[in-house]
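Dear colleague,

I am handing over a structure for you to look through, and below it I have set out what was found in it. Please keep it open while you read.

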Amino acid sequence: MSSKNGYIKLYRKMIDWGWYRDTNVKILFLHLLLIANFKESNFEDIIIKPGQMITSISSLAKETGLTSQNVRTALEKLETSKIITKQSTSRFTLITVENWALYQEGNSKVTSQLTNDQQTANKRLTNDQQRHKNAKNDKNVNKCVCNNNINNIYKGSQKTKGQRSHTQPYGEFQNVFLQKYEYEQLCQRYLQVDQLIDKVSIWLTEHERKNHYALCLKFARSDSWPKKSKSSSEWDKAFEENKKKAAPMPEHMRKKYGIREK
């Protein structure tokens with residue numbers, strides 16, 4: 001049951017969301033949050049649960065002002081990021097916002113408890129004191145939800161494949177995880193590194209690899225990616241210098257490859 005009455009929860013943490021700068025994805029996702037069912041309902045023989053909606057590409061395009069192709073691309077990005085799932089038929093599409101209950105309802109017990117406490121306090125506090133307490137409680141509620149729940153809707157509840165320690169996301173889909181020295185090493189060796197990483201990023205939307213730096217090197221070599229002019233000895237020296245800045249290799253990795261700690 002979707003309605004234009006009421007409101008949804010939307011947290012400032014969304015600014016850190018990987019798709020926040022993608023205008024089409026952001027517009028579509030906000031629209032999905034607004035039109036999703038907040039109460040279980042029926043559509044023909046289908047039970048529509050909270051966080052779900054029956055819609056279509058053409059309807060979403062009309063409602064958001066995006067083109068049909070923009071809607072399809074945005075849905076694919078959201079689905080690849082495991083933020084939504086969708087089931088399509090010849091007549092409609094069933095979309096589910098993953099972690100909807102955790103995101104929209106997960107803090108209901110806390111909110112209920114705070115409301116009871118406030119009702120008791122109202123008997124003793126003046127209006128000015130009450131406004132101060134309400135503001136403080138609202139701050140605590142928002143902090144609780146942001147810290148505990150929001151990562152599950154915007155960043156996923158599980159660690160992304162290939163997201164090693166001391167790495168940060170790169171690429172068009174923010175799914176290529178590299179250590180800082182690895183990115184610098186690619187920049188020192190190759191031209192148009194961002195385009196190379198974007199290509200790897202697109203490939204990773206349908207595949208998985210543990211070491212994305214090694215994958216970038218593989219793509220560069222297989223595609224004969226243009227290199228910067230630099231002798232091999234200089235490459236080795238630069239690599240060793242950058243390697244010192246990286247996190248130490250875990251014990252199980254040293255044992256696996258027979259590397260002794262110096």
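Leu 75 touches Leu 28, Leu 32, Ile 57, Leu 60, Ile 84, Lys 86 and Ile 95, leaving aside residues up to four places away in sequence, where contact means heavy atoms within 4.5 Å. Please bear in mind that this is a predicted model, in which local features need pLDDT of at least 70 and side-chain atom pairs count only at pLDDT 80 or more, while totals for chains, interfaces and linings use all residues. Residues are numbered from 1 along each chain as its sequence is written, and side-chain values use heavy atoms, with hydrogens and water left out.

Leu 75 is also one of the residues with the most contacts inside the largest nonpolar core, which has 23 residues; such a core is a set of buried Ala, Val, Leu, Ile, Met, Phe, Trp, Tyr and Cys residues joined through side-chain atoms within 4.5 Å, and buried means under 20% relative accessible area, exposed over 50% and partly exposed in between (1.4 Å probe, protein chains only). The largest share of this core, 5 residues, comes from H1, helices being DSSP runs of H or I with at least four residues, numbered from the N terminus.

Turning to aromatic pairs, Trp 203 and Phe 219 form one that is edge-to-face, at 5.8 Å centre to centre and 75° between the planes (rings of Phe, Tyr and Trp, the last by its six-membered ring, pair if their centres lie within 6.5 Å; planes under 30 degrees apart count as stacked, over 60 as edge-to-face and the rest as tilted). Trp 203 is partly exposed, at 22% relative accessible area, whereas Phe 219 is buried, at 13%.

Best wishes

Note on methods. Helix = DSSP H or I, 4+ residues; strand = E, 2+ residues; numbered from the N terminus.
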